[in-house]
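Dear colleague,

Please find below the structure that I am handing over to you. I would be grateful if you could look through it before reading my notes.

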Amino acid sequence: MSTISKKEKEALEIKESFDFIDEDKDGLIQVEDIVRGIHILGLKPTSKEVDGIIADLNALEKKSMDFGTYEQFMKKKLKEVNYEHNLFKKSFKKFDKDGDGFVTFEELKSGLKGMGTRMSDGEVQRYFEEADIDKDGKIDYDEFVKWFSNM
Ligand SMILES: [Ca+2]
Ligand SMILES: [Ca+2]
């Protein structure tokens with residue numbers, strides 16, 4: 001077990017990604033390069049989001065940014081992503097009644113019922129098959145997130 005907190009780890013990763021992008025080590029990076037940082041940090045923005053990010057940054061009317069600005073920006077982005085991630089986790093848990101890390105057909109069925117959706121077994125089956133990408137008969141968390149994001 002490592003003793004550093006998630007926050008510290010995050011701060012370290014932000015610093016490392018900045019250093020990596022700042023190739024000439026002058027403490028400044030090009031505004032457009034922030035997209036590389038976003039990818040290094042494992043954030044997967046859509047191209048629409050990237051456009052939004054660039055627009056945000058252009059509004060600052062700066063061509064380059066220092067670490068402070070970069071850090072602030074990344075912290076905000078990571079927070080948004082964590083928020084989304086928590087939402088997925090929460091809903092996954094709702095479905096995964098026995099908490100074994102998989103959602104079975106029965107769990108999906110009763111979960112959807114619990115949400116007040118009226119669906120026939122056939123419809124639930126269709127949903128289930130759509131979500132179960134590797135066809136092992138259960139939905140794991142990754143499959144769940146993919147399915148949910150595509151809905
Ligand atoms: Ca389960
Ligand atoms: Ca599966």
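The notes that follow go from the overall picture to single residues.

Please bear in mind that this is a predicted model. The average pLDDT of the protein is 88, and 98% of the residues reach at least 70. Confidence is highest in helix 6 (residues 121–131), with a mean of 94, and lowest in helix 3 (residues 47–59), with a mean of 76.

Overall form

Seven helices and two strands make up the secondary structure. Read from the N terminus, the order of the elements is α-β-α-α-β-α-α-α-α. The protein is divided into two parts, domain 1 (6–84) and domain 2 (96–150), and the C-alpha centres of these domains are 35 Å apart. The radius of gyration is 20 Å, whereas a compact globule of 151 residues would have a value near 15 Å. The C-alpha trace extends over about 60 × 40 × 25 Å along its principal axes. Of the 151 residues, 13% are buried. When contacts between residues at least 6 apart in sequence are considered, 51% of them join residues at least 24 apart.

Annotated regions

The unreviewed UniProt entry carries the annotation "domain: EF-hand" for residues 9–44, 83–118 and 119–151. Residues 9–44 are 56% helix and 8% strand, with 19 Å between the end C-alpha atoms. Residues 83–118 are 64% helix and 0% strand, and here the end C-alpha atoms lie 29 Å apart.

Nonpolar cores

Which residues form the largest nonpolar core? There are nine of them: I14, F18, I29, V31, I34, I38, M65, Y70 and M74. Helix 1 (6–21), helix 2 (34–40) and helix 4 (67–95) each give two or more residues to this core.

Apart from neighbours within four places in sequence, the contacts of I29 are F18, I21, D22, S64, M65 and Y70.

Single residues

Two lysines deserve a look at the backbone. K25, in the loop between helix 1 and strand 1 (28–30), has a positive phi of about 55° although it is not a glycine. K135 also has a positive phi of about 55° without being a glycine; K135 is placed in the loop between helix 6 and helix 7 (141–150). K25 is classed as exposed because it has 7 C-beta neighbours inside 10 Å. K135 is likewise exposed, because 7 C-beta neighbours lie inside 10 Å.

Along the chain G68 and D19 are 49 residues apart, and their C-alpha atoms are separated by 13 Å.

A59 is part of helix 3, and with 8 C-beta neighbours inside 10 Å it is therefore exposed too. From A59 to I139 the distance is 80 residues in sequence and 42 Å in space, C-alpha to C-alpha.

With kind regards

Conventions. Residues numbered from 1 in each chain as written. Chains lettered and ligands numbered in written order. Predicted model: local features only at pLDDT ≥ 70, side-chain atom pairs only at ≥ 80, totals over all residues. Core = buried A, V, L, I, M, F, W, Y, C linked by C-beta atoms within 7 Å. Buried ≥ 20, exposed ≤ 12 C-beta atoms within 10 Å, placed from the backbone. Helix = DSSP H or I, 4+ residues; strand = E, 2+ residues; numbered from the N terminus. Contact = placed C-beta atoms within 7 Å. Domains from an automatic or database assignment. pLDDT = per-residue confidence, 0-100. UniProt positions renumbered as here; feature names shortened; annotations may be inferred. Rg over C-alpha atoms; globule rule 2.2 N^0.38 Å.
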